[in-house]
Amino acid sequence: MSTSTTIDVRGLSKSFGQVQAVTDLSFTVRPGVVTGFLGPNGAGKTTTLRMLLGLVRPSGGSATFGGRAYRELARPLATVGMALEASSFHPGRSARHHLSVYGTAAGIAKNRVDEVLGQVGLGDFADRRVGGYSLGMRQRLGLAFALLGDPGVLVLDEPVNGLDPEGIKWIRSFLRQLAGEGRTVLVSSHLLSEVQQSVDQVVIISRGELVYDGGLAALDGGTRILVDSPDRAGLESALRSAGADVLALEDGLAVTGSSAADVGAMALTAGIPLSRLTPEHTGLEKAFLDLVGEGGRP
Amino acid sequence: MFLRAVRSEFQKILTVRMWWVLLIVLVGYVAFTSGLLAGVFGGLGDQLASSGGNAPDITDAALPPIIYSIASSIGYVFPVLFGTLATTSEFRHQTLTPTFLAQPHRGTVLGAKLVTLAVFGALYGIAALVASVGLGASILSATGHSTALGDSDTWALLARVVLAMAIWAIIGVGLGALIPSQVAAIVIVLAFTQFLEPILRLMTSLADWAAGIGQYLPGAASDALVGSSIFTSMTAAASGAQSLEWWQGGLVLFGMAIVAAGLGYLTSWRKDVT
C-alpha cells in the first residue's frame, strides 16, 4: 500500500452555466477512519468527487491529496483508488480485460488484476463479459478497479447502491478493514442509514454547501419525551411555566431536555392528568433530515 | 508513460470484438468488388472494346493499379468507421472516466489513440490489399492480362494504399472526438463518404473552376495519394476532374486528420467528464 494522505478540499466551487452545483466547500478527510460524504440526491456529491479526481474542472478552490492535485500525482491509481457511481464499462469487455486495460495505462503490476478480482469475490466471473453482469457484480468490479493500485486513499461513490443485504454486510466490514489498515476512506451516500454502521466521521452537504462536518456520534439528536393530556393547552402552559422546552405537535407535545420522570412530576404538580408519556429516540436519521431537508439550514 | 498509454489503447481494441468484425466485412467487400472488376474488365473488356461499345477506356496497363487500389478507393470507409467507433464508444460507455483516472493527462491519451488507430488502419490496409491483389491478380493472370506485380511502381502504390488507410483511421479518431454521439458520427461518416462526396466529386469535375476545389475533397486527396482509383478513372475520361500530386494528396489528407483531432481535443476531449 502507498502512503495514506489526507484529502483537502478548500473553497471548492462549481457552476454549470447558471446553476451553482457546489459553493465554497471546505473539509478535510483523515487517514485511518471511514468518512461518510452525505447529502440528498442532487446536493453536489458526485460533482465534488469528480472535481477531486480532475474529471470536472472546478470554477474555484482546490482539492488535493496531501497537497497535490490528482493530475499532479506521479502514480495516480496507486495513490488514490476510486469507484464512481456511473457504470463505466464497455459491455463487450470481460472484467479481467477491463482491469488490465487501465492497469496497463497506470503502470500497475499485472498480477494485481487477479488479486483484486479475488478480493471482491469476482474470481469465478473474471472472463465473462461485463454486459451480462448484475448491478451488484458491477459494483464489485468498480470496487476492484478502486483497489487495483493498492492505494492509500479510497474514494467510493454510492458503493452500497444495488448490493443485496449480504453484499451490504460485506462492504461494511470491508470498509472498516480498509480504514483499519490506515487508509483514507471517503464514502458517499444519499442515505445515512446505509453507511451509519461503517462510518466514524461525516461530511454533510445540502444544495452544494457544507452543513455538517464532524463525528457521527455528535450528530445524534438525543431523546425527547412525547406527552399528551385531555387538557393539552393546560399541560402545555404548565410545562412551560415549569421551565421545560416544549414543542406542540399535531397529536400532542414534545419535550426536549427533560426526562420522562421530570415531565410526569411537572404534570402531577399542576394537577393535570396525562393520557400519554413516551420517550422517543430521535436518532441520526432525523438529525440528518433536519440538516438537509426542508427544515434544515438554507 | 506515452508507451503505456499506447499499450492500453491496443488492449482496448483487442479485447472487444469490433476490430475483427469490421475487418471481415472490409476484406469481404474489397474481395468481392476487386474480383468483380477484374472479371469484368479482364474477361469481358477485350470483347467489349473490339465490339466498339461504350466500355470505359481503360488500357491494359492501367487495369492492375485500378483493381489493386480498390483496397483504399472503396475500403477507406472502414478505417474511418473504426477510428470513429473506437473514440465515440469511450463517450457512449462512459469509459473516459476510468481512462482519465488511469492517465489524467488527456492529451497523452488522445495521442496514444491516434498512434494506435494509425497502426490498425495500416493493418486494415494490408488486409484489404491481400484481398484486392490476391483475388485481382489471380483473375488477371487467369484471363491472360499482366498483373504488374513485377513492377516497382505497383509496390509503391501498394505502400501508399497502406499509408492512406492509416491516415483515414486518424481522421476517424478526430471525427469521433468532434462528434461524440456515436449514432450521429456513423450517420455523418456514411452519408458523406458514400453519398455526398461522390456527388460533389462528380459535380466539381464538370466545370473547370470547380475542379480545382474538387481535388481537395478528402476522397479525391486520398485517391491522389494512392495514385489510382476506380473513381478517378471512371470520371476522368469523360470530364475535367483534376488531381493533386501524390504527396500533395497525402499532405491534404494528413492535414485534415490533424485538424479534426485538434478540434476534437479542444472541444469534447477537454470537457468535464460527468
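Predicted model: local features only at pLDDT ≥ 70, side-chain atom pairs only at ≥ 80, totals over all residues.
Residues are numbered from 1 along each chain as its sequence is written, and chains are lettered from A and ligands numbered from 1 in the order in which they are written.

View 1. With a relative accessibility of 5%, S206(A) counts as buried (buried means under 20% relative accessible area, exposed over 50%, and partly exposed in between, with a 1.4 Å probe and protein chains only). Leaving aside residues up to four places away in sequence, S206(A) touches A43(A), V211(A) and V292(A), where contact means heavy atoms within 4.5 Å.

**View 2. Crossing of helices α1(B) and α7(B).** The axes of α1 (residues 2-14) and α7 (residues 106-142) of chain B come within 8 Å and cross at roughly 55 degrees. Axes are lines fitted to C-alpha atoms, for helices over the stretch in contact, and angles run from 0 to 180 degrees between N-to-C directions. The two helices are therefore oblique to each other (under 35 degrees counts as roughly parallel, over 145 as roughly antiparallel, 65 to 115 as roughly perpendicular, and the rest as oblique). The crossing is right-handed, that is, the near helix is turned clockwise from the far one by less than a right angle. Among the contact residues are F2(B), F10(B) and I13(B) of α1(B), and V115(B), V119(B) and F120(B) of α7(B). By class, this contact has 12 nonpolar, 3 polar and 3 charged residues (Ala, Val, Leu, Ile, Met, Phe, Trp, Tyr, Cys and Pro count as nonpolar, Asp, Glu, Lys and Arg as charged, and the others, Gly among them, as polar).

**View 3. Packing of helices α5(B) and α9(B).** The axes of α5 (residues 77-92) and α9 (residues 182-204) of chain B come within 9 Å and cross at roughly 165 degrees. That angle makes α5(B) roughly antiparallel to α9(B). Their crossing is right-handed. Residues including V80(B), L81(B) and T84(B) in α5(B) meet residues including I186(B), V189(B) and L190(B) in α9(B). The contact has 8 nonpolar, 6 polar and 1 charged residues.

**View 4. Salt bridges around K113(B).** A salt bridge is a side-chain nitrogen of Lys or Arg within 4 Å of a carboxyl oxygen of Asp or Glu. E9(B) and K113(B) form one at 2.8 Å, N to O, linking helix α1 to helix α7 of chain B across 104 residues. Both of these residues are buried. E90(B) also bridges to K113(B), with the closest N and O atoms 2.9 Å apart. Because E90(B) lies in α5 and K113(B) in α7 of chain B, this pair ties together parts 23 residues apart in sequence. E90(B) is likewise buried. E9(B), K12(B), E90(B) and K113(B) are linked in a network of salt bridges.

View 5. The side chains of D272(B) and K14(A) meet at 2.8 Å, N to O. D272(B) is partly exposed, at 26% relative accessible area, whereas K14(A) is buried, at 8%.

Notes: Heavy atoms only, no water. Helix = DSSP H or I, 4+ residues; strand = E, 2+ residues; numbered from the N terminus.
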